[in-house]
Each structure stands twice: as structure tokens, then as C-alpha cells.
Amino acid sequence: QVQLVESGGGLVQPGGSLRLSCAASGSIFRLNAMGWYRQAPGKERELVATITRGGSTNYADSVKGRFTISRDNAKNTVYLQMNSLKPEDTAAYYCNAEIITPFDGKDYWGKGTLVTVSS
């Protein structure tokens, strides 16, 4: 069984930084694209950033220049470095990954980690 487990969320003041991590475990044959999404209270889930296995990245306009996505293929882990955080970045952040197992290939989601930006 495949699991994605996020960590690194918490409370931070505006202008501060946080680093999120998401580790994939289980019967993984191959990890393809990985990404971070977020959902603020009362809003729909939205894309934050994605990264291909080869390292190509894509960002939402709202986080460009402030957030950096990266991955360690040897550790099956994706990271999100968040700098210059704003109150509007407050949300639950979810990890997503396209995972190929010996049995199938599909998208998996983590359970989320909460980021609160407040003074």
C-alpha cells in the first residue's frame, strides 16, 4: 500500500518561512510528477507547484518568486520551501504524486499539513 505523509506545517508570522516535506512509501515502482496543492477555508483546492521526475517545475502565479519546489528521487520525497509568507497563504497543504506500483498507476494524495500565517 502506498502512502504520502506530509510534515513541516505550523504557525509562522508574515514574512517568515517554512519548509514542507512529503515522503512516499510502500510498493513504489516509479514516482512520476509530484506536487503541492492547498485549500483555504471555504475555498476550492488549488495548485501551488508541481515538479516532474526530471525536475521541471510549474508554479501558481500567486507563489512565483516566493516558493520553491524540489525533490529527492532517491528518498521518494518532495519539498516545498515557502519564503515571504503572507496571511493569504494560510491553508491546508496537500502532497500529490503520480505513482506507478507493480499493480497500477494513479494519483495519490497525502492527508495534508496545516500552514497558518498570522501575527
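Let's begin with burial: a residue is called buried when its relative accessible area is under 20%, exposed when it is over 50%, and partly exposed in between (1.4 Å probe, protein chains only).

The model you are looking at is predicted, so local features need pLDDT of at least 70 and side-chain atom pairs count only at pLDDT 80 or more, while totals for chains, interfaces and linings use all residues. Residues are numbered from 1 along each chain as its sequence is written, and side-chain values use heavy atoms, with hydrogens and water left out.

Now to the charges. Side chains of opposite charge can pair when their charged atoms come close. A salt bridge here is a side-chain nitrogen of Lys or Arg within 4 Å of a carboxyl oxygen of Asp or Glu, and searching the whole structure turns up 4 of them.

Take R38, which is buried at a relative accessible area of 6%. One of its partners is D89, and the closest N and O atoms of this salt bridge lie 2.9 Å apart. The two residues come from distant parts of the chain, 51 residues apart: R38 sits in strand 4 (residues 30-39), and D89 in the loop between strand 8 (77-82) and strand 9 (91-100). Strands are DSSP runs (E, at least two residues), numbered from the N terminus.

R38 also forms a salt bridge with E46, at 2.7 Å between the closest N and O atoms. E46 is partly exposed, at 37% relative accessibility.

Elsewhere, K64 and D61 pair in a salt bridge at 3.1 Å, N to O. D61 is exposed, with 65% relative accessibility. Finally, shared partners join R38, E46, R66 and D89 into one network of salt bridges.

Conventions:
Helix = DSSP H or I, 4+ residues; strand = E, 2+ residues; numbered from the N terminus.
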